[in-house]
Amino acid sequence: MTLSERFNRSGFGRWINGPSGRAFRLCAGVAFLAVGMSFHEYPLGMATLVWSFFPLSAGIFNVCWISLWLGGPFSSTRIRRLQQGSP
């Protein structure tokens, strides 16, 4: 079993790729964006703005950056199908 398969079958992997995980990713992205915009004159604020791209894009487009980085599928919909046993 690959690292991405282990992640996607874990409790966290199932949650983050589900509907509540998608809502969490959207909220986290908005929070990072708000903090980054509030502190954009500082380097950490700029880094937070850049970082907000990942949870925002994951929530908006329903993708999983962690799975992709581990060598697995990018689409959360595909990950859920694989979790259920269908290709």
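## Ground rules

The model is predicted, so local features need pLDDT of at least 70, side-chain atom pairs count only at pLDDT 80 or more, and totals for chains, interfaces and linings use all residues. Residues are numbered from 1 along each chain as its sequence is written, and side-chain values use heavy atoms, with hydrogens and water left out.

## The whole chain

The chain holds seven helices and zero strands. Helices (H or I, at least four residues) and strands (E, at least two) are DSSP runs, numbered from the N terminus. Read along the sequence, the pattern is α-α-α-α-α-α-α. The C-alpha trace spans about 50 × 20 × 20 Å along its principal axes.

How much of the chain is buried? Buried residues make up 34% of the 87 residues. Buried means under 20% relative accessible area, exposed means over 50%, and partly exposed lies in between (1.4 Å probe, protein chains only).

Contacts are counted too. A contact means heavy atoms within 4.5 Å. Take the contacts with a separation of 6 or more: residues 24 or more positions apart account for 44% of them.

Helix α3 covers residues 19-38 and helix α4 covers residues 43-51. Helix α5 covers residues 53-61. Axes are lines fitted to C-alpha atoms, for helices over the stretch in contact, and angles run from 0 to 180 degrees between N-to-C directions.

| Pair | Axis distance | Angle |
|---|---|---|
| α3 and α4 | within 7 Å | roughly 150° |
| α3 and α5 | within 7 Å | roughly 145° |
| α4 and α5 | 5 Å | about 20° |

Angles under 35 degrees count as roughly parallel, over 145 as roughly antiparallel, 65 to 115 as roughly perpendicular, and the rest as oblique.

Start with α3 and α4. Their axes cross at roughly 150°. That makes α3 roughly antiparallel to α4. The crossing of α3 and α4 is left-handed. A crossing is left-handed if the near helix is turned anticlockwise from the far one by less than a right angle, and right-handed if clockwise. From α3, the residues F32, L33, V35, G36 and M37 take part, and they meet G45, T48, L49 and W51 of α4. By class, this contact has six nonpolar, three polar and no charged residues. Ala, Val, Leu, Ile, Met, Phe, Trp, Tyr, Cys and Pro count as nonpolar, Asp, Glu, Lys and Arg as charged, and the others, Gly among them, as polar.

T48 belongs to this contact. T48 has 14% relative accessibility, so T48 counts as buried. Leaving out residues up to four places away in sequence, T48 touches F32, V35 and G36.

Now α3 and α5. This crossing is left-handed. On the α3 side are R22, R25, L26, A28, G29, V30, F32 and L33. On the α5 side are P55, L56, A58, G59, I60 and F61. The contact has 10 nonpolar, two polar and two charged residues.

L49, V50 and W51 of α4 meet F53, F54 and P55 of α5. The residues here divide into six nonpolar, no polar and no charged.

## Around α5

Which residues of α5 are buried? They are P55, L56, S57, A58 and G59. What covers them includes α3, α4 and α6 (65-69). Just after α5, N62 takes a positive phi of about 55°.

S4 is found in helix α1 (residues 3-9). Its relative accessibility is 5%, so S4 counts as buried. Not counting residues up to four places away in sequence, S4 touches S67, L70, G71 and G72.

## Cysteines

A disulfide is a covalent bond between the sulfur atoms of two cysteines. The cut-off used here is a pair of cysteine sulfur atoms within 2.5 Å. How many disulfides does a search of the whole structure find? The search finds zero.

C27 is exposed, with a relative accessible area of 54%, whereas C64 counts as buried at 4% relative accessibility.
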